[in-house]
Amino acid sequence: FYFINKLKQEVFHDENSVHKEIPVDINRAQVFLDSYRVLFFKSIKDFTMAKFNITFQGEQGVDAGGVKREWYQIISRQMVNPDYALFVPVHSDASTFHPNRTSGINPEHLSFFKFIGMLLAKSIRDNCYIDSHFSRAVYKQILGKNVSLKDMESIDPDYYKSLCWILENDITDVLEM
């Protein structure tokens with residue numbers, strides 16, 4: 001609700017951009033990559049304000065909202081695809097994701113992360129839900145809040161326990177090992 005309330009407070013001066021449509025013709029098997037190619041290089045204003053006219057190649061259908069919702073579902077599942085090396089599931093919940101520390105093996109990882117951020121913002125604006133969940137630390141970063149040690153517990157319980165042990169014990173002799 002925080003984001004929706006913020007959106008209601010926004011005032012945009014260019015009314016024409018609200019009605020602009022961007023055709024997004026994509027292959028269902030590679031929704032993430034095709035969407036990236038079509039949308040990533042649009043201006044931020046066009047991306048956020050325009051209506052996406054989603055069509056899946058080889059399929060007939062008018063996007064009266066249902067196709068767009070399906071697109072958000074599919075793309076949100078593909079953005080956490082391990083083949084992109086962008087996200088890894090947290091240890092405590094295989095359906096919750098956190099950025100992959102080794103995402104740099106994907107040469108496009110930074111632009112993909114930016115695109116995912118753009119998609120999250122657009123999904124909120126379009127009042128469409130995505131089908132991926134992120135760790136509390138990710139949501140705190142989006143909100144500009146500090147990540148705490150406790151937030152690490154859901155990401156990696158063993159690492160969290162090790163950090164707590166270090167804080168609670170004298171590690172002077174341990175560091176020499």
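Student: Where does alanine 85 sit?
Tutor: This is a predicted model, so local features need pLDDT of at least 70, side-chain atom pairs count only at pLDDT 80 or more, and totals for chains, interfaces and linings use all residues. Residues are numbered from 1 along each chain as its sequence is written, while side-chain values use heavy atoms, with hydrogens and water left out. Secondary structure comes from DSSP runs, helices being H or I with at least four residues and strands E with at least two, numbered from the N terminus. Alanine 85 is in the loop between helix 5 (66-78) and strand 3.

Student: Is alanine 85 buried or exposed?
Tutor: Buried means under 20% relative accessible area, exposed means over 50%, and partly exposed is in between (1.4 Å probe, protein chains only). Alanine 85 has a relative accessible area of 8%, so this residue counts as buried.

Student: And what is the phi of alanine 85?
Tutor: Most residues other than glycine have a negative phi. Alanine 85 isn't a glycine, yet its phi is positive, at about 60°.

Student: What is the phi of asparagine 127, and where is that residue?
Tutor: Asparagine 127 is partly exposed, with a relative accessible area of 43%. Its phi is positive too, near 55°. Its place is in the loop between helix 6 (109-125) and strand 5 (133-134).

Student: How many salt bridges are there?
Tutor: Side chains of opposite charge can pair when their charged atoms come close. The rule for a salt bridge is a side-chain nitrogen of Lys or Arg within 4 Å of a carboxyl oxygen of Asp or Glu. By this rule the count is 9.

Student: Which parts does the salt bridge of lysine 20 with aspartate 46 tie together?
Tutor: The closest N and O atoms of lysine 20 and aspartate 46 are 3.1 Å apart. Lysine 20 is in the loop between helix 2 (16-19) and strand 1 (21-26), and aspartate 46 is in helix 4 (residues 44-49), so the parts that get tied together are 26 residues apart in sequence: that loop and helix 4.

Student: What is the salt bridge partner of aspartate 151?
Tutor: Aspartate 151 is buried, at 1% relative accessibility. Its closest N–O contact in the bridge is 2.9 Å, with lysine 140. The pair links distant parts of the chain, 11 residues apart: aspartate 151 is in the loop between helix 7 (136-143) and helix 8 (152-155), and helix 7 holds the partner, lysine 140.

Student: How far apart are the closest N and O atoms of lysine 150 and glutamate 153?
Tutor: Lysine 150 is partly exposed, at 46% relative accessible area, and glutamate 153 is partly exposed as well, at 31%. They form a salt bridge whose closest N and O atoms are separated by 2.5 Å.

Student: Which element gives the most to the lining of the second largest pocket?
Tutor: On a 1 Å grid over the protein atoms alone, a pocket is an open set of points with protein on both sides within 12 Å along at least five of seven lines, and lining residues have an atom within 4 Å of a point. The lining here includes Val88, His98 and Ile155. Strand 3 (87-90) and strand 4 (93-99) are the elements that give two or more residues. The biggest contributor, with 3 residues, is strand 3.

Student: Where is lysine 122, and how far is its C-alpha from that of threonine 48?
Tutor: Lysine 122 lies in helix 6 and counts as buried, at 2% relative accessibility. Lysine 122 and threonine 48 are 74 residues apart along the chain. Their C-alpha atoms are separated by 5.7 Å.

Student: How far apart in space are phenylalanine 41 and phenylalanine 115, C-alpha to C-alpha?
Tutor: Phenylalanine 41 lies in the loop between helix 3 (31-39) and helix 4, and is exposed, with a relative accessible area of 66%. In sequence the two phenylalanines are 74 residues apart. In space, C-alpha to C-alpha, the separation is 9.5 Å.

Note on methods. 1 Å grid on protein atoms, 1.4 Å probe; cavity = no way out; pocket = protein on both sides within 12 Å on 5 of 7 lines; lining within 4 Å.
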